[in-house]
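Dear colleague,

Please find the structure below, followed by a short account of what was found in it.

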Amino acid sequence: MADDEIIVYGTRWCSDCVRTRHLLNKIGITYRWVNIDQDKDGERFVLRINRGMRSVPTILFNDGSVLVEPSNVELQSKLKQLCMI
């Protein structure tokens with residue numbers, strides 16, 4: 001994982017994933033998108049992190065922390081903490 005990389009694990013049909021991607025795009029944050037419906041390694045990661053649940057979006061940050069289904073406020077707070085915005 002690159003020093004400034006964010007990985008967003010999700011699905012195309014998930015409204016929270018759409019909202020999260022829209023926010024990241026709007027504020028100009030670069031991220032890697034992993035569609036867990038198509039990427040089985042990504043799906044296994046989400047299942048492991050979320051104790052067997054396919055909870056998305058699951059967002060992995062460059063400091064190793066993870067947010068699961070964050071609100072826009074929670075996500076922006078984390079990005080500020082990481083000095084990304």
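A salt bridge is a side-chain nitrogen of Lys or Arg within 4 Å of a carboxyl oxygen of Asp or Glu. The model is predicted: local features need pLDDT of at least 70, side-chain atom pairs count only at pLDDT 80 or more, and totals for chains, interfaces and linings use all residues. Residues are numbered from 1 along each chain as its sequence is written, and side-chain values use heavy atoms, with hydrogens and water left out.

The structure holds seven salt bridges. One of them joins Arg19 to Asp16, with the closest N and O atoms 3.4 Å apart. These two residues are separated by about one helical turn because they lie three residues apart in helix 1 (helices are DSSP runs of H or I with at least four residues, strands are runs of E with at least two, numbered from the N terminus).

Arg54 takes part in a salt bridge with Asp37, at 2.8 Å between the closest N and O atoms. This pair links distant parts of the chain, 17 residues apart. Arg54 also meets Glu43 in a salt bridge of 2.9 Å, N to O. Glu43 lies in helix 2 and Arg54 in the loop between helix 2 and strand 3, so the pair ties together parts 11 residues apart in sequence. Asp37, Lys40, Glu43 and Arg54 are linked in a network of salt bridges.

Glu43 is buried, at 16% relative accessible area, whereas Arg54 is partly exposed, at 34% (buried means under 20%, exposed over 50%, partly exposed in between, with a 1.4 Å probe and protein chains only).

Yours sincerely
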